[in-house]
Amino acid sequence: MSERLPAHLEIASLIRLVQARGGIATVLAKGERDAGTILIVAMNRGGEARLLERMPQLDGTRAFTVTRTQDPEDTREFDEYLERRRRQDPDIWVLEVDIDEAERFVAMLPQ
């Protein structure tokens, strides 16, 4: 049996955590119910977006890591990247969160 939570449950718990801490969470793309990859678009008060993805770590865990930052002068590039990822992997989930200190919040999540 896998230790990983089904994606839809992890998304639901992320939404509740963000809301409980006074933030806003919105599902931008709904992926495969059980095993979809989760991307988090993190913002602080509608500011510059950062994309967080689970990346393998040396200790075997898979921690959320910032893989892309939105250019405030060209937001289109960031959006196009997300769209490309969705075309490459239709099972992907994209969750947008707007919460203070988003990276600190994401660091609390299970790996």
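Keep in mind as you click around that the model is predicted.

**Stop one: Arg54 and Glu10.** Select these two and show their side chains. They meet in a salt bridge, with N and O 2.2 Å apart. Arg54 sits in strand β3 (residues 50-56) and Glu10 in helix α1 (residues 7-20), so this pair links parts of the chain that are 44 residues apart in sequence. Is Glu10 buried or exposed? Glu10 is buried, at 6% relative accessibility. Arg54 is buried as well, with a relative accessible area of 16%.

**Stop two: Glu53 and Arg85.** Glu53 belongs to strand β3 and Arg85 to helix α2 (residues 75-88), so the pair ties together parts 32 residues apart in sequence. Glu53 has a relative accessible area of 8%, which makes it buried. Arg85 counts as buried too, at 16%.

**Stop three: Glu83 and Arg86.** Slide along to this pair, another salt bridge, where the closest N and O atoms are 3.6 Å apart. Both residues are in helix α2, and being 3 residues apart puts about one helical turn between them. Check the surface again here: Glu83 is partly exposed at 36% relative accessible area, and Arg86 is partly exposed at 35%.

**Stop four: the sheet.** Hide the side chains and go to cartoon view. In what order do the 5 strands line up? Reading across, you get β1-β5-β2-β3-β4, an open sheet with mixed pairing. At the edges are β1 (24-29) and β4 (62-69), each of which pairs on one side only.

Zoom in on β3 and β4, which run antiparallel and are joined by 7 bridges. If you want a landmark there, select Leu52, which stands opposite Val66 in β4.

**Last stop: the helices on the sheet.** Colour α1 and see what it touches. This helix packs on the sheet, with contacts to β1, β2 (38-43), β3, β4 and β5 (93-98). Line up your view with β5 and you'll see that the direction of α1 makes about 5° with that of β5. Then colour α2, which lies across β1, β2, β3, β4 and β5. Helix α2 runs at about 40° to β3.

Key
Residues are numbered from 1 along each chain as its sequence is written. This is a predicted model: local features need pLDDT of at least 70, side-chain atom pairs count only at pLDDT 80 or more; totals for chains, interfaces and linings use all residues. Side-chain values use heavy atoms; hydrogens and water are left out. A salt bridge is a side-chain nitrogen of Lys or Arg within 4 Å of a carboxyl oxygen of Asp or Glu. Helices (H or I, at least four residues) and strands (E, at least two) are DSSP runs, numbered from the N terminus. Buried means under 20% relative accessible area, exposed over 50%, partly exposed in between (1.4 Å probe, protein chains only). Two strands pair if DSSP finds at least two bridges between them. Contact means heavy atoms within 4.5 Å. Axes are lines fitted to C-alpha atoms, for helices over the stretch in contact, and angles run from 0 to 180 degrees between N-to-C directions.
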